[in-house]
Amino acid sequence: MTDMTKGATTGATGATGALNEPVPGGAPAPGRAFLEVRDLKVHFPTEDGLVKSVDGLTFSLEKGKTLGIVGESGSGKSVTSLGIMGLHRVGQYGRQRARISGEIWLDGKELLSADEDEVRRLRGRNIAMIFQDPLSAMHPYFTVGKQIAEAYRVHNKVDKKAARKRAVDLLDRVGIPEPHKRVDSYPHEFSGGMRQRAMIAMALVNNPELLIADEPTTALDVTVQAQILDLIRDLQQEFGSAVIMITHDLGVVAEMADELLVMYGGRCVERGSAEKVFYEPRHPYTWGLLGSMPRIDRDQTERLIPVKGSPPSLINIPSGCAFNPRCPYADVPKGNVTRTVRPELAAEDGGHHWSACHMSHEERTRIWTEEIAPKL
Amino acid sequence: MTEKPEKPEMDKKAAAAATATATIPAQAVDSPEPLLKVTGLVKHFPIHKGLLRRQAGAVKAVDGIDFDVRRGETLGIVGESGCGKSTMGRLITRLLEPTGGTIEFEGKDITHLGVAGMRPLRRDVQMIFQDPYGSLNPRHTVGTIVSAPFKLQGVTPEGGLKAEVQRLLSLVGLNPEHYNRYPHEFSGGQRQRIGIARALALKPKLVVADEPVSALDVSIQAQVVNLLDDLQQELGLTYVIIAHDLSVIRHVSDRIAVMYLGKIVELADRQSLYGAPMHPYTNALMSAVPVPDPRRRGVKSGRILLKGDVPSPISPPSGCRFHTRCWKATEICKTQDPPLLALKTGHQVACHHPENAPDLVPDDKALPGASDALDTPTP
């Protein structure tokens, strides 16, 4: 709580001018949230053209809350997380690979304009990340304990012994049996679930305020997934961190997230509380996701309702609404507006819920209640 | 058996299931001959060690399983990684040589048929693979890939090869004009459709699909699930679908087998398996699946959270293989492997202490530590 207020004040004094500009997409009052991302764009120049992986993303997150980012492959979810971590900043040999613009405010500091040393100080200490595949995210040549201790020593002036003790404590905290022995194991000696626990231990070694989990359980079996999700939830309560959970699994976000952001073609198409997005979704793509998902909790024998076609290429994002070629309602709004004008995120009534669709509120309410909801 | 007929052929299937399971044990005498009958199937992969490459042990991937596949049904096989479900799929398609047991296809023993002996059967048994990238030759055009089964079998389809391949492509929802394109020009979902077209080319009787949708995005996954469903109705196919995703399995299967460490622990029709699972492992598996419903998040009182990982199939636990992680384990579980018994019509389970059914060994002494097998769920 104290951190939050501190963050708010420094944020307000730090860059008042920039923060008071109106932000599209119904962002909450500027400068208040712990993490604020505004109009983030990450573009990669390639031989085939400009890949617009993230194209204008705005959201905010408070401490102690979990934001779920859902979307299909190529929707820009992972690039968003790497952007926040500052991992696109400099490419190999110091060449810049990505064109990044926008603002990322973490606890009152703007990260995109900060210099590399400052970002490096934050990275690993204030912001930590859990990757999908722990086998490739951990170094095979060093013991698990050494890697965790290193992450601790980079940001804290402690000796090796203290760092090792910290590693043992954390391995114990994340539920590794016999942490005194396992601290000297190599990553390949761990099972998939244990490796993911070890990586969580590494991410948490400096008590980060923001934890980004990019598909943390996709490579795991369901019973292990349940353990890991439980662990993340427990640790979040204990440390009060903000968590960004990136996943394609709507079941996982429904269990974890307070807020949801649905991405499509590098843009946010719907954002709101998990409750709102699951029970009163406002965007046809969200309807599509809900309709194409088989449910464990229902004996549903009707056909699934898939979204036709496939996700767009990020080089040639369809003009107008990126979803228009796949949208069954693309012709509902009059004229050619879905194909020519890009819809902006607009607030839905009922508060804390935004979506980017050209259809009128009434039309969407009618379609959802009459056509979609009964079939789910 | 079913109140509302969901699919036209569902009634027939339900009726067949009812007759098949009227007598207990489930192997009914008067039921129509199953398409595929697997008895005591075993596959051990030897581990060689040392200078002389002596066999030091074996990975017991599949360790004695029995099941039938009935005509026109979809049998779902579900389990965690390493439970032997994919090995099982490769055994029944005879891509692997079984170590023991028998496989009968339409009453014919195919367990140890050689390459030549299997060739005529390859027309009837086809496989759809998980990886739509690895299972298509990148240097062959789609036309070559889909026409390969005809060439291998020496079959000339009516109306010519090209016309037939184009018909297959449009059957699976691809543009027939893309006949000359290469796999890299297609998306993951489209590639999976190419794999399906190839599997269906020779009008097989049995299609074994190993994780057919797990590599695909949610919206594409639904397209492929619906396609498999349509093709089954249209062509009267029988499916064995192997998957780790319990939601997908629930959607596609008529009957489901749950595997754990090389054994089938429970085999039942969809409704009774998901409605009242009997094996503690099935129960744990189902309660671990995240439910896409934020309002259910608070309701976790009945949730079972297993500790630890699946033991290694090189040295599986004695007796019931699940006893090391089971909260109901007693002395007998450590020593005696429970047989797969039909405790209810159409519901077989291998457990000494089944749930939703009377206990088979009620007075046995609980194993020390069994009660610690569960993590206390967080509120």
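Q: How many helices and strands does chain A have?
A: This is a predicted model. Of the 376 residues of chain A, 55% count as buried. Its secondary structure comes to 15 helices and 12 strands.

Q: What share of the contacts in chain A between residues at least 6 apart joins residues at least 24 apart?
A: Chain A exposes about 16,100 Å², with carbon and sulfur atoms supplying 52% of that. Within the chain, take the contacts between residues at least 6 apart in sequence. The share joining residues at least 24 apart is 64%.

Q: How many helices and strands does chain B have, and what percentage of its residues is buried?
A: Chain B has 11 helices and 12 strands. Residues 24 or more positions apart account for 66% of its contacts with a separation of 6 or more. Of its 379 residues, the buried part is 54%.

Q: Which residues of helix α2 in chain B are buried?
A: Helix α2 of chain B spans residues 85-92 and is mostly covered. Buried residues number 6 of its 8. Just after α2(B), R94(B) takes a positive phi of about 60 degrees. The buried residues of the helix are K85(B), T87(B), M88(B), G89(B), L91(B) and I92(B).

Q: What area is buried between chain A and chain B?
A: The size of an interface is often given as the accessible area lost when the parts come together. Here 49 residues of chain A and 44 residues of chain B take part in the contact. Carbon and sulfur atoms give 50% of the buried area. The total is about 4,300 Å².

Q: Which residue of chain A forms a salt bridge with R295(B)?
A: Side chains of opposite charge can pair when their charged atoms come close. Across the interface of chain A and chain B there are 2 salt bridges. For R295(B), the closest N and O atoms of the pair are 2.5 Å apart. Its partner is E275(A).

Q: Which helix gives the most to the side of chain A that touches chain B?
A: Between the chains, 13 residue pairs are in polar contact. On the chain A side, α10 (222-239), α11 (250-256) and α12 (274-279) each supply at least two residues. The top contributor gives 9 residues. That helix is α10(A).

Q: What relative accessibility do E348(A) and R282(A) have?
A: Their side chains meet in a salt bridge at 3.0 Å, N to O. The pair links distant parts of the chain, 66 residues apart. E348(A) sits in the loop between β11 and β12, R282(A) in the loop between α12 and α13. Both count as buried, E348(A) at 6% and R282(A) at 8%.

Technical notes: Residues numbered from 1 in each chain as written. Chains lettered and ligands numbered in written order. Predicted model: local features only at pLDDT ≥ 70, side-chain atom pairs only at ≥ 80, totals over all residues. Heavy atoms only, no water. Buried < 20%, exposed > 50% of the residue type's maximum accessible area, 1.4 Å probe, protein only. Helix = DSSP H or I, 4+ residues; strand = E, 2+ residues; numbered from the N terminus. Contact = heavy atoms within 4.5 Å. Buried area = accessible area lost by both parts, 1.4 Å probe. Salt bridge = Lys/Arg side-chain N within 4 Å of Asp/Glu carboxyl O. Polar contact = N/O pair within 3.5 Å; in protein donor to acceptor, adjacent residues only side chain to side chain. Areas by Shrake-Rupley, 256 points an atom, 1.4 Å probe, with all protein chains shown as cover.
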